[in-house]
Amino acid sequence: MRFDVLVVGAGVVGLTTAIRLREQGLRVRVRAESVSADTTSAAAGAIWDAELADHPDVRRWTATTFDVLTGLAADPAAGVRVTPGVEASRTPVAIPEWATACDPDDLPAGFVTGWRYESPITDMPVYLSWLAKRFTGEVVPGRLDRLEDGFAEAPIVVNCTGLGSRELVPDPEVTACRGQLVVVRNPGLDHFFLEYTDFVEEMTYLIPQGDALLLGGCATFGSESLAPDPVVARRIVERCATVFPEVADAPLLGHRVGLRPMRPTVRLEAENRGGGRHLVHNYGHGGAGVSTSWGCAGDVADIVRDLLSGPGGA
């Protein structure tokens, strides 16, 4: 059967996009080299943030995603929890208008400005499985050597390949930023803590996910190794222990390593390849894939709808 749309990529961006397209009644196939637990998305700390990506529409995308994730928190199977927490800076910064200022005396040592808010936190392995079940189309494992090869399956190909876009488009503006987390048994932390900082190689954050606590993090360019670095892991635990000392002795549950698909700005646009064929790009989200996912998916669905309703359809 020929499909209306082929979505390439089965991380959080690809699956969410496929769901929105399927909701329009379209015949949608997802093709991906990696699926579910093997994707970069599975390694993410996945706490919602309003402005992790660079694009004029990022606030609209993240607002849409916030509303969807908050609603999903009512479904235990989705793996989403709305959790209170604190974001803090080591230098004076403006408090976001949507947050509540903290008393500086209540902040960990070294932090001078902080604010409180509630944010959806997503258990990514659980959430990815939930997304795959919600998508009622076909998911096919397999790599495309060229995005254009997807036109053999559908007249509209949606590129959600993240880091893979570096070679598939090809797009030299896409670069890999290595992230690493340490997962420990949660010693009782019921709120998150995030360090607000410019993009630096080392930062501190603690993200509770039930019985597990995610400790981070790092942002390293120049390495694409997916093997946990024990030195990086030790430094992460040491930094997090200055915020919440109990993590120093918490039992280790594991490590997560992923490569963020960085780009100067998110690319979300359509290309007319002629002959009724269209390539729609949705990649370059960096560390904001989860936070922008439903907003970007909605925009892709709108683009595809317009393509199909245009003169002669797709």
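# Briefing: helix packing and selected residues

Asp299 lies in helix 6, where helices (H or I, at least four residues) and strands (E, at least two) are DSSP runs, numbered from the N terminus. The model is a predicted one, in which local features need pLDDT of at least 70 and side-chain atom pairs count only at pLDDT 80 or more, while totals for chains, interfaces and linings use all residues. Residues are numbered from 1 along each chain as its sequence is written, and side-chain values use heavy atoms, with hydrogens and water left out.

- Asp299 counts as buried at 15% relative accessibility; buried means under 20% relative accessible area, exposed over 50%, and partly exposed in between (1.4 Å probe, protein chains only).
- The side chains of Asp299 and Trp61 are joined by a polar contact of 2.9 Å.
- A polar contact is a pair of N or O atoms within 3.5 Å; within protein, one must be able to donate a hydrogen and the other to accept it, and residues adjacent in sequence count only if both atoms are side-chain atoms.
- With neighbours within four places in sequence left aside, Asp299 is in contact with Arg60, Trp61 and Leu268, contact meaning heavy atoms within 4.5 Å.

**Helix 1 against helix 3**

- Helix 1 (residues 12-22) packs on helix 3 (residues 124-134) at an angle of about 30 degrees, and their axes are 9 Å apart.
- Axes are lines fitted to C-alpha atoms, for helices over the stretch in contact, and angles run from 0 to 180 degrees between N-to-C directions.
- Helix 1 and helix 3 are therefore roughly parallel to each other; angles under 35 degrees count as roughly parallel, over 145 as roughly antiparallel, 65 to 115 as roughly perpendicular and the rest as oblique.
- The two helices, helix 1 and helix 3, form a left-handed crossing, a term used if the near helix is turned anticlockwise from the far one by less than a right angle, with right-handed used if clockwise.
- Helix 1 contributes Val12, Leu15, Thr16, Ile19 and Arg20 to this contact, and helix 3 contributes Met124, Tyr127, Leu128, Leu131, Ala132 and Arg134.

**Helix 1 against helix 6**

- The axes of helix 1 and helix 6 (residues 289-309) cross at roughly 40 degrees and come within 8 Å.
- Helix 1 is therefore oblique to helix 6.
- The crossing of helix 1 with helix 6 is right-handed.
- On helix 1 the contact is made by Val12, Val13, Thr16, Thr17, Ile19, Arg20 and Leu21; residues of helix 6 in the contact include Gly289, Trp294, Ala297 and Val304.

**Helix 5**

- The 14 residues of helix 5 (residues 230-243) should span 20 Å at 1.5 Å a residue, and this agrees with the 21 Å between its end C-alpha atoms; the expected span is 1.5 Å times one less than the number of residues.
- Asp229 caps the N-terminal end of helix 5, with a side-chain oxygen 2.9 Å from the backbone nitrogen of Val231.
- Ala233, Ile236, Arg239, Cys240, Ala241 and Val243 are the buried residues of helix 5.
- These buried residues of helix 5 pack against strand 8 (175-185), strand 9 (192-196), strand 10 (202-209), strand 11 (212-218) and strand 13 (252-262).

- His285 sits in the loop between strand 15 (277-283) and helix 6, and is buried at a relative accessible area of 4%.
- Not counting residues up to four places away in sequence, His285 touches Val13, Ala53, Pro261, Val266, Thr292 and Cys296.
- Cys102 is in the loop between strand 4 (100-101) and strand 5 (113-122), and is buried with a relative accessible area of 10%.
- Leaving aside neighbours within four places in sequence, Cys102 is in contact with Val86, Leu107, Gly114, Trp115 and Arg116.
- Arg166 belongs to helix 4 and is partly exposed, its relative accessible area being 23%.
- The side chains of Arg166 and Glu224 make a polar contact (2.8 Å).
- Not counting residues up to four places away in sequence, Arg166 touches Asp171, Val174, Ala176 and Glu224.

**Cis peptide bonds**

- Most peptide bonds are trans.
- The bond from Val169 to Pro170 is cis, with omega near -10 degrees; Pro170 lies in the loop between helix 4 (165-168) and strand 8.
- Gly216 and Gly217 are joined by a cis peptide bond with omega about 0 degrees, and Gly217 is in strand 11.
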